[in-house]
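Have your viewer ready and a way to select residues by number. This tour moves from stop to stop, saying what to pick next and what you will find there.

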Amino acid sequence: MTPLPPPLRTARLHYPVTALGPGTRLGIWTQGCPLACPGCMSRDTWDSGRGTLVPVAALAQVWHRVLTAGAAGVTISGGEPLSQPRAVATLVTALDLVRARIRPSADILLYTGYAPAELADQLNAPHPHGPALAQILTHSDAVITGRFDISQPTTAIWRGSANQQLHPLTPLGQRRYEPYVDYAPAAPPVQVGVDDTGLWIIGVPRHRQLAEFDRALRQRGLTLEGVSWRPSSTAAD
C-alpha cells in the first residue's frame with residue numbers, strides 16, 4: 001500500500017499576495033526554520049512545534065480556487081521550506097499538476113535560506129533529502145536562495161540581503177523572472193493589513209524600515225506587542 005504523503009506544517013496562507021513575486025499570488029508560509037538568521041522578520045515561523053499541519057490535497061484545493069480567480073502564481077516561503085523536504089516536494093508536484101490543468105502560465109516561486117553550494121551538496125552526493133530536493137527544483141519555476149544577512153543590505157526586489165540570489169529554473173521562470181534578477185525598485189513592494197490575528201506585513205522591507213515603522217507608531221501612541229521581528233517578542237518565544 002502506498003503511504004500517504006506527509007502534511008505540510010504551515011505558519012499561514014494568504015491571498016492575494018502582491019509583494020513576493022510578480023502579479024497576484026497565493027502565499028504559503030511553512031513553519032519551522034533551523035537557520036534562525038539574526039534580524040529575521042519572521043521569528044514566529046522558527047519553532048517547528050508550532051503552526052498547523054495541513055494536508056497537501058487541501059493546499060492544492062486552495063491553489064485550484066485562486067487560479068480560477070486569476071492568480072498569477074504561488075510563493076512558498078517560511079520558515080524554511082526545505083526543512084520539510086518530502087512535504088514540500090509533494091506540494092510543488094501537486095501545484096504543478098493543478099496549474100497545468102487550470103492556468104499553465106501561473107508560476108511557482110520558492111524561498112530557501114540555503115545557498116546554491118549547499119543545495120548542490122545535497123543533489124550531488126548521497127543525501128537523505130537529495131531526491132526530494134531534486135523533485136522540488138524540477139517543479140519550481142524560480143528559487144530565491146541564501147540566508148538573510150542583516151550586515152548586507154540590498155535594494156534588489158524580493159530579497160532581504162545582497163547575498164540572496166534569484167534563480168529562474170524553467171522556461172516559464174526565465175520569461176517571468178529574468179527581468180527581476182538585478183531589478184532594484186525605488187521602494188520595495190510591501191503589503192500591510194489588519195485582521196482578527198492582528199496587524200500583518202507581507203514583503204521584504206529594506207534595512208531599518210521595520211524599526212522606523214515601529215518608531216512612527218510609538219510617536220502616535222501605538223505600541224506593537226507580539227512582534228515577529230523583535231527578539232524579545234512573545235511571538236518568537
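Start by selecting Gly79, which sits in the loop between β4 (73-77) and α2. What kind of peptide bond joins Gly78 and Gly79? In this predicted model, the bond is cis, with omega about 15°.

Now go to Tyr15 and Pro16. Here you meet another cis peptide bond, with omega near 5°. Pro16 belongs to strand β1, which covers residues 8-17.

**Backbone angles**

Stay with the backbone and pick Ala36. Its phi is near 50°, a positive value in a residue that is not glycine. You will find Ala36 in the loop between β2 (25-30) and β3 (52-54). Ala36 counts as partly exposed because its relative accessibility is 32%.

Next, select Trp158, in the loop between β6 and β7. Trp158 also has a positive phi, about 70°, although it is not a glycine. Is Trp158 buried or exposed? With a relative accessible area of 5%, Trp158 is buried.

**Salt bridges**

Time to show side chains: the structure holds 6 salt bridges. Begin with Arg99 and Asp141, whose closest N and O atoms are 2.9 Å apart. Arg99 is in helix α2 (residues 85-102) and Asp141 is in the loop between α4 (130-139) and β6 (142-145), so this pair ties together parts 42 residues apart in sequence. Both ends are covered: Arg99 is buried at 7% relative accessibility, and Asp141 is buried at 3%.

Then select Asp107 and Arg176, a salt bridge with its closest N and O atoms 2.8 Å apart. The two residues link distant parts of the chain, 69 residues apart: Asp107 lies in strand β5 (residues 107-111) and Arg176 in helix α5 (residues 171-177). Asp107 is buried, at 0% relative accessibility, while Arg176 is partly exposed at 23%.

Move on to Arg147 and Glu118. Their salt bridge has its closest N and O atoms 2.7 Å apart. Arg147 is in the loop between β6 and β7 (165-168) and Glu118 is in helix α3 (residues 116-124), so the pair connects parts 29 residues apart in sequence. Arg147 is partly exposed, with a relative accessible area of 30%, and Glu118 is partly exposed at 28%.

Which strand gives the most to the patch? Strand β8 (residues 190-195) does, with 3 residues. Leu199 lies in strand β9, residues 198-203, and counts as partly exposed at 40% relative accessibility.

**Inside the protein**

Rolling a probe the size of a water molecule over the atoms shows where empty space is left. The count here is 1 cavity of 30 Å³ or more, and the largest cavity has a volume of about 100 Å³. Of the 16 residues lining the largest cavity, select the ones closest to its centre: Ala156, Arg159, Pro188, Val204 and Arg206. The whole lining divides into 10 nonpolar, 4 polar and 2 charged residues.

How values were computed. Residues numbered from 1 in each chain as written. Predicted model: local features only at pLDDT ≥ 70, side-chain atom pairs only at ≥ 80, totals over all residues. Heavy atoms only, no water. 1 Å grid on protein atoms, 1.4 Å probe; cavity = no way out; pocket = protein on both sides within 12 Å on 5 of 7 lines; lining within 4 Å. Points joined across faces, edges and corners; volume = space filled by probe spheres on them. Nonpolar A, V, L, I, M, F, W, Y, C, P; charged D, E, K, R; others polar. Helix = DSSP H or I, 4+ residues; strand = E, 2+ residues; numbered from the N terminus. Buried < 20%, exposed > 50% of the residue type's maximum accessible area, 1.4 Å probe, protein only. Salt bridge = Lys/Arg side-chain N within 4 Å of Asp/Glu carboxyl O.
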